[in-house]
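Here is a short briefing to read alongside the sequence and the 3D view. Take a moment to look around, and then we can go through a few spots together.

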Amino acid sequence: MADESKSKEELISELNHLRGQLGELDDTYRDLEKQMRDQTEELSKINDAMATEVIKRKKLQEEFRLGCEKLQRVLNETISALSYAVEKRDPYTAGHQARVTKLAGAIAEHMNLSEQVIMGVKTAATVHDIGKINIPAEILSKPSELTKIEYSMITVHPQIGYEILKNIEFPWPVSTIVLQHHERLNGSGYPQGLQDDQIILEARILIVADVVEAMASHRPYRPALGINMALEEIEKKRGILYDPAVADACIHIFRTGKFSFEQ
Ligand SMILES: [Fe+2]
């Protein structure tokens with residue numbers, strides 16, 4: 001009996017003890033709940049701040065993109081204006097720069113070159129004869145062969161073109177390509193008589209496109225020689241005057257029908 005009543009007292013005491021523990025647990029639970037609430041509130045504030053930051057950054061990105069687009073547009077319009085200026089003065093080469101651009105771009109694309117090289121070639125091709133602005137119109141449209149002095153005036157146009165373009169900050173070596181567009185691999189070109197790799201790849205492409213277009217088209221001093229004769233010239237002087245890989249790419253795109261000036 002004594003054990004039994006003691007056991008009841010013990011049970012009551014244990015019960016009280018448990019109640020106490022329950023109370024403590026309840027306090028702890030309340031503390032944790034408050035902490036959780038505080039943290040959730042804090043996280044929510046951080047989340048709001050991040051969302052605001054994301055919106056701000058997206059807006060800045062969009063403004064930057066529009067700025068780049070505008071700059072590219074202005075650059076393209078400047079190039080077109082320069083190209084138009086030279087063609088206005090020299091009706092015989094009207095369209096020449098546009099057709100050379102088309103061919104030079106197609107050669108560069110067929111050679112699997114980077115977007116950077118392709119864009120450089122095309123931009124330079126669009127204005128490659130800009131230096132002709134400095135040559136008297138009578139010489140440019142003279143229907144007979146040029147005198148030595150007249151020819152020497154013509155040979156300055158790559159240098160003049162370089163001077164006109166060198167201060168425009170293109171993302172491609174446009175002024176150098178223009179400067180080198182009458183050079184030849186064996187050093188027989190002008191104005192610097194550069195050889196092989198001294199002529200940059202973009203210029204080596206423009207050289208071939210320029211020769212092919214010029215030969216294929218009508219000139220004030222001669223009728224058009226035709227595309228076949230132009231391709232024969234490139235094939236014959238491949239590796240001597242013209243870059244072999246560029247010459248091969250040019251001949252290939254014409255002979256397989258992948259390119260024509262009329263397309
Ligand atoms: Fe030229």
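Leaving aside its neighbours within four places in sequence, which residues is His182 in contact with? They are Pro158, Gly189 and Tyr190. Please keep in mind that this is a predicted model.

**Around His182**
- You will find His182 in the loop that runs between helix H7 (174-179) and helix H8 (201-216).
- His182 counts as buried because 21 other C-beta atoms lie within 10 Å, and the cut-off is 20 or more.
- Arg238 is 56 residues from His182 along the chain, and the C-alpha atoms of the two are separated by 15 Å.

**Helix H2**
- Helix H2 covers residues 96-110, and at 1.5 Å a residue its 15 residues should span 21 Å; the end C-alpha atoms are 21 Å apart, so the two values agree.
- H2 is mostly covered, with 11 of its 15 residues buried.
- Among the buried residues of H2 are His96, Arg99, Leu103 and Ile107.
- Just after H2 comes Asn112, which has a positive phi of about 60°.

**Helices H9 and H10**
- The axes of H9 (residues 227-236) and H10 (residues 244-255) come within 10 Å and cross at roughly 150°.
- That angle is over 145 degrees, so H9 is roughly antiparallel to H10.
- The crossing of H9 and H10 is left-handed.
- From H9, Ile227, Leu231, Ile234 and Glu235 meet Ala247, Cys250, Ile251 and Phe254 of H10.
- The residues of this contact comprise 7 nonpolar, no polar and 1 charged.

Definitions and conventions. Residues are numbered from 1 along each chain as its sequence is written. This is a predicted model: local features need pLDDT of at least 70, side-chain atom pairs count only at pLDDT 80 or more; totals for chains, interfaces and linings use all residues. Helices (H or I, at least four residues) and strands (E, at least two) are DSSP runs, numbered from the N terminus. The expected span of a helix is 1.5 Å times one less than its number of residues. A residue is buried if 20 or more other C-beta atoms lie within 10 Å of its own, exposed if 12 or fewer, and partly exposed in between; C-beta atoms are placed from the backbone. Two residues are in contact if their C-beta atoms, placed from the backbone, lie within 7 Å. Axes are lines fitted to C-alpha atoms, for helices over the stretch in contact, and angles run from 0 to 180 degrees between N-to-C directions. Angles under 35 degrees count as roughly parallel, over 145 as roughly antiparallel, 65 to 115 as roughly perpendicular and the rest as oblique. A crossing is left-handed if the near helix is turned anticlockwise from the far one by less than a right angle, and right-handed if clockwise. Ala, Val, Leu, Ile, Met, Phe, Trp, Tyr, Cys and Pro count as nonpolar, Asp, Glu, Lys and Arg as charged, and the others, Gly among them, as polar.
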